[in-house]
Amino acid sequence: AALLHDVVEDTIGTLDDIAARFGPEAAALVAEVTDDKSLPKAERKRLQVETVPHKSADAKRLKLADKASNVAAIATHPPDWPLARKQAYLDWAEQVIAGCQGADAALEAAFHQALTEARAALARDA
């Protein structure tokens, strides 16, 4: 489901496609963590921060894993973004993950480790 939400957000794949291939439970979980791409980016980001505390435990775990992966990528394979954008992403990801507290201690630790390493990498690059 963590990978499949990117399929829905970034390709022509749909939730119906996910349901047909992986079942309705997987599609429901994907739907829970998929942004509405018809909204402006700033609104999607705001909604992630506001809604994640009310998501299911599985959705929170997915969000933790997804954000840990994204944050780690900034440290190890940085996207071609300006430093300020990378720092803003890390700050926003931290806000999102604050709403997942208590969902999964190991994933929370992995996120915070990735965040620490990404911030250190950006500081070295600054």
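Q: Is Trp 81 buried, partly exposed or exposed?
A: This is a predicted model, in which local features need pLDDT of at least 70 and side-chain atom pairs pLDDT 80 or more, while totals for chains, interfaces and linings use all residues. Residues are numbered from 1 along each chain as its sequence is written, and side-chain values use heavy atoms, without hydrogens and water. Buried means under 20% relative accessible area, exposed over 50%, and partly exposed in between (1.4 Å probe, protein chains only). With a relative accessible area of 25%, Trp 81 is therefore partly exposed.

Q: Which charged residue sits over the ring of Trp 81?
A: A charge sits over a ring if NZ of Lys or CZ of Arg is within 6 Å of the ring centre and within 35 degrees of the ring normal. For Trp 81, the charged end in question is 4.0 Å from the ring centre, and it belongs to Arg 85.

Q: How is the aromatic pair of Trp 81 and Tyr 89 classed?
A: Rings of Phe, Tyr and Trp (its six-membered ring) pair if their centres lie within 6.5 Å; planes under 30 degrees apart are stacked, over 60 edge-to-face and the rest tilted. Trp 81 and Tyr 89 are 6.0 Å apart, centre to centre, with 55° between the planes, so the pair is tilted.

Q: Which helix holds both Tyr 89 and Trp 92?
A: Helices are DSSP runs (H or I, at least four residues), strands are E runs of at least two, and both are numbered from the N terminus. Tyr 89 and Trp 92 are three residues apart, about one turn of the helix, and that helix is H6.

Q: Which residues form the aromatic cluster?
A: The structure holds two aromatic pairs. The members of the one cluster are Trp 81, Tyr 89 and Trp 92.
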